[in-house]
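Subject: Structure handover

Hello,

Here is the structure I promised to pass on. Please open it beside this email and follow along as you read.

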Amino acid sequence: MKNLLKTSLFLLLLFGSTAQAALTIEITQGVEGALPIAVVPFGWSGDTGTAPVNVAAIISADLSRSGRFEPLADSDLVAHPTDAKQVLFHNWRMVNVDNLVIGKISQTTPGQYTVQFQLIDILRGKQIAAYSFPAAHKDMRRVAHHIADLVYEELTGERGAFNTRVAYITTSGPVSNRRYTLVVADSDGYHPQTILTSKQPLMSPSWSPDAKQIAYVSFEKKTAEIYVQDVLTGSRRKLASFKGINGAPRWSPDGRRLVLTLSRDGNPEIYTMDLKSKALNRLTTNSAIDTEPCWSPDGTSIVFTSSRGGSPQLYRMSSAGGKATRLTFDGKYNADADFSPDGRKLAMVHRESGGYRIAVLDLESGALRVLTDGQQDESPSFSPNGSIIIYATGEGSREVLAAVSVDGRFRQRLSLQAGNVREPSWSPFDKQ
Amino acid sequence: MKLSIYRLVTVVLIAVLAGCSSKGGTKDGAAIEDRGTSAGDGAVTSGLGSGASFESYLMDNPDSPLQSRVIYFEYDSAEITGADIDLLNAHAGYLGANPGQRITLEGHTDERGSREYNIALGERRAVSVQRILELNGVSSSQVTIVSYGEEKPAADGNSEPAWRLSRRVEIIYQ
């Protein structure tokens, strides 16, 4: 990739053409390296000395975190344009930057701003996108994420997932006085909002397809129960408190049912529940442990963990139940599956000799690829555009979250919280 | 060896209870004499009719087998080993004689592996304990089962010494 870039730059300089390049760099699925990009600190005009939010820094961090881009460090920026007219393409080509993100923030009234940005294609020497957004102070981070989404989509052809949220569980306090919370935060970890606090364990948060509700398991009554809670209002209803296990809730793609684990019939089995009528349909009838169900994005099948083969492995059955086909054959422990949004891959917890890692199974080829190298990596969750997996890992004695790109090249740790963080669940795209 | 004496002691104590009138906790026979000192120190003179003395011996005496209320397990296993079966028999004896006494069996795992699978494994372990108790005369109405999976480890640490302590079922007398 870098050689191709250098060759094309040489050719451009040789023929002196800036308006129409002889070569077009296309971004394909199999791109080798991260795309070099420069995100220049946005200009500012307003009452205070600096802008209320460093929009460029948020955009840069988002693009970097995707693993697809390599933003230039601020200290390496050759200039600080805030408008396309100020851009000297020659200077940016010299530092091998393909694209430039520049912009301006201006205050309109106290607490209200306009954010303008332009995406510049350095090689072709022209602006390829320009947007302007009004934003109140509280919306600035969301606008920055939205700009990152637009840049990402323009340059990769894929939808960006920066303007999304993550739910997770935290634990803190001494054993005698534990505190568990369910938190919803921006997908970069900012703006954490606690939506539930409990003295007893909370588990298995799962977003509804419209990103408006979260199902979870709560032990507040000293036994496992499943609740569904409205994220905006905080109101919730109890959906399952049968005898035994009530666990592992996940939504159907149409939002009408939950698939879950119940042991009310004497053994952990997979059931679906209609959310309106609460009618149950039992899907498994095996005396082994059957749990951790996950609905395929097309709604036709359910993947789950079963010990029916002697140790935990992933199996797939129709969403109406029936015969289950085994999916995993590498290693003795494969569990806790999450479908990629395109339905082609499964992320899972996979045990190797060194520990429990996150792996991705390609359902078509059957190839398994291990993406992480921790000792107790768990709870994988795909981003809604399928390009990143967020998961829980350990850092010393602390539990923290981390993210890895699906090709495994790029990893990042997220630990903005004090205490321990676990069980991340990435929200779907906002349907608004 | 030690635990089968527990069983013998319990059986004898139950026989004593059955055989006694309203007198305080008497001791009987050579079997108890092995444990006589502590029993003697803990002797209570209140009437048996209230049931208090027998219960308080078994419940409060630090040497009573019933003070041992945790069963441990091997990795990924819900199998109960021989010595623990004896211990459970002691508990079953007490519970059988006290049908109003209820217990909760809490199942737990160590922190490795996925959480919901561990909830199921913890329940498996509690069910194994329940089965042995019921085989020995405990009514299912006396037993409640809860699994916490890996959510309430017994010890902190990322190695076998800590994990071993977490793979357990706790017998909680209500």
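**Strand 23 of chain A and its neighbours**

A:Gly343 takes a positive phi near 75° in the hairpin of strand 22 of chain A and strand 23 of chain A, where five residues lie between the strands. Keep in mind that this is a predicted model.

Strands 22 and 23 of chain A run antiparallel, and four bridges join them. One pair to look for is A:Asn334 and its bridge partner in strand 23 of chain A, A:His350.

Now go to the other neighbour. How many bridges join strand 23 of chain A to strand 24 of chain A? There are eight, and these two strands also run antiparallel. Strand 24 of chain A covers residues 355-362. Two residues sit between strand 23 and strand 24 of chain A, and the two strands form a hairpin. Here A:Met348 has A:Ala359 of strand 24 of chain A as its bridge partner.

Is strand 23 of chain A mostly covered or mostly open? It is mostly covered: of its eight residues, 345-352, six are buried. In general, side chains in a regular strand alternate between the two faces of the sheet.

**The nonpolar cores**

A:Met348 comes up again here. The largest nonpolar core has 77 residues. A:Met348 is among those with the most contacts inside this core, along with A:Leu260, A:Ile302, A:Val303, A:Leu346 and A:Ile389. Leave out residues up to four places away in sequence, and A:Met348 still touches A:Leu314, A:Asn334, A:Ala335, A:Asp336, A:Ala337, A:Ala359, A:Leu361 and A:Pro380. Another core lies apart from the largest one. This other core has 39 residues, including A:Leu35, A:Ile37, A:Tyr113 and A:Ala135. As a rule, nonpolar side chains in soluble globular proteins tend to be buried together.

**One more hairpin in chain A**

Look next at strand 28 (residues 398-405) and strand 29 (residues 411-414) of chain A. They run antiparallel, joined by four bridges. A:Leu401 stands opposite A:Leu414 of strand 29 of chain A. The hairpin of these strands has five residues between them, and A:Gly408 takes a positive phi near 80° there.

**The two domains of chain A**

Chain A is assigned two domains: domain 1 (2-156) and domain 2 (165-426). Taken over C-alpha atoms, their centres are 36 Å apart. Six residues of domain 1 of chain A and ten residues of domain 2 of chain A make the contact. Which element gives the largest share of the domain 1 side? Helix 2 (residues 55-65) of chain A does, with three residues. By class, that side of domain 1 of chain A has one nonpolar, two polar and three charged residues.

**Where the chains meet**

In the contact between the chains, 27 residues of chain A meet 19 residues of chain B. On the chain A side, the elements that give two or more residues are strand 10 (202-207), strand 14 (246-251), strand 18 (290-295) and strand 22 (334-339). This side of chain A holds twelve nonpolar, eleven polar and four charged residues.

**Chain B**

Chain B has seven helices and four strands. Read from the N terminus, its elements go α-α-α-α-β-α-β-α-β-α-β. Of the 174 residues in chain B, 39% are buried. Take the contacts in chain B with a separation of 6 or more: residues 24 or more positions apart account for 68% of them.

Finish with B:Tyr148, in strand 3 (residues 143-149) of chain B. Why does B:Tyr148 count as buried? Because it has 24 C-beta neighbours inside 10 Å, and the cut-off is 20 or more. Beyond its neighbours within four places in sequence, B:Tyr148 is in contact with A:Pro201, B:Glu106, B:His108 and B:Gly122. B:Asp110 is 38 residues from B:Tyr148 along the chain, and their C-alpha atoms are separated by 11 Å.

Best wishes

Technical notes:
Residues numbered from 1 in each chain as written. Chains lettered and ligands numbered in written order. Predicted model: local features only at pLDDT ≥ 70, side-chain atom pairs only at ≥ 80, totals over all residues. Contact = placed C-beta atoms within 7 Å. Nonpolar A, V, L, I, M, F, W, Y, C, P; charged D, E, K, R; others polar. Pairing = 2+ DSSP bridges. Buried ≥ 20, exposed ≤ 12 C-beta atoms within 10 Å, placed from the backbone. Core = buried A, V, L, I, M, F, W, Y, C linked by C-beta atoms within 7 Å. Domains from an automatic or database assignment.
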